[in-house]
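Visitor: Could you walk me through this one slowly? I'm new to reading structures.
Guide: Gladly; let's look at it together.

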Amino acid sequence: MYLKTIAIAVSAFSVTGCISVNSYVDPQYSDLSFANVSIPQGSAYNVTTQMLTNGEPNSRGSRYLETAVASLMERAGISNIPEGTSLSITCNNIADMGEAAASGFGTGLTFGLAGSTITDGYEFTFVLAQDGEEETIVYRHAMQTTIGNAAAPIANVDAVTPQAGFDAILEDVFLKFLADQSENDAMAWLSSDMALAG
């Protein structure tokens with residue numbers, strides 16, 4: 001499982017049977033959607049991806065991330081071709097494995113009556129390389145997961161499965177990247193237009 005923190009917590013109480021696991025995604029990017037992000041026609045990138053857990057390579061996660069990013073690019077109508085602008089996307093899942101195990105074990109001992117909450121932080125690094133120049137953009141996101149009888153940690157956010165939560169986080173930061181690139185392109189066009197006018 002590529003969501004290692006949650007996997008460790010769940011395995012710590014797995015012997016006790018079925019206990020509810022619900023994830024809640026930080027709503028910081030909730031205003032973004034494929035419907036309201038402008039994506040220039042003909043956009044093309046040459047994309048590479050990597051998943052890390054606390055800075056260490058996560059091979060299973062990397063395979064999932066590659067597939068998930070390809071799906072998002074297809075939805076956005078963006079080509080992934082060797083001739084495209086080089087784009088590297090690295091996702092680092094920042095988590096306290098010891099805390100996750102302790103939380104899961106404690107919840108298991110009480111058969112879920114004493115719930116617990118664990119937090120997964122995600123740091124996404126996008127590196128654009130073109131014409132000998134590189135631009136690095138970092139986006140941070142988070143997801144909180146309750147195990148057992150724990151109150152929702154974030155108000156007015158629907159509970160989802162851990163995998164659906166990660167998928168939502170990836171979509172959020174991908175759309176944020178596209179929105180920022182669109183804004184940068186618009187600013188560059190405006191600056192060029194003003195220079196010609198001057």
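Visitor: Which residue caps the N-terminal end of α2?
Guide: That is N58, whose side-chain oxygen lies 3.4 Å from the backbone nitrogen of R60. Before we go on, note that this is a predicted model, in which local features need pLDDT of at least 70 and side-chain atom pairs count only at pLDDT 80 or more, while totals for chains, interfaces and linings use all residues. Residues are numbered from 1 along each chain as its sequence is written, and side-chain values use heavy atoms, with hydrogens and water left out.

Visitor: Where does N58 sit, and is it buried or exposed?
Guide: N58 is in the loop between β3 (56-57) and α2, and it is buried, with a relative accessible area of 3%. Here buried means under 20% relative accessible area, exposed over 50%, and partly exposed in between, using a 1.4 Å probe and protein chains only.

Visitor: What does the side chain of N58 make a polar contact with?
Guide: With the side chain of T53, at 3.1 Å. A polar contact is a pair of N or O atoms within 3.5 Å; within protein, one must be able to donate a hydrogen and the other to accept it, and residues adjacent in sequence count only if both atoms are side-chain atoms.

Visitor: OK, and how many residues does α2 have?
Guide: Helix α2 covers residues 59-76, which is 18 residues, and reaches 26 Å from its first C-alpha to its last, close to the 26 Å expected at 1.5 Å a residue. That expected span is 1.5 Å times one less than the number of residues. Helices (H or I, at least four residues) and strands (E, at least two) are DSSP runs, numbered from the N terminus.

Visitor: Which residues of α2 are buried?
Guide: They are G61, S62, L65, A68, V69, L72, M73 and A76. Seen down the axis of α2, these buried residues fall within an arc of 140° (taken from the directions from the helix axis to the C-beta atoms), so they line one face of the helix.

Visitor: And what does the face turned away from them carry?
Guide: That face of α2 carries the exposed residues S59, R63, E66, T67 and E74.

Visitor: What comes just after α2?
Guide: G77 follows, and takes a positive phi of about 75°.

Visitor: Zooming out, how many helices and strands are there?
Guide: The chain has four helices and seven strands, in the order α-β-β-β-α-β-β-α-β-β-α along the sequence. Of its 198 residues, 39% are buried.
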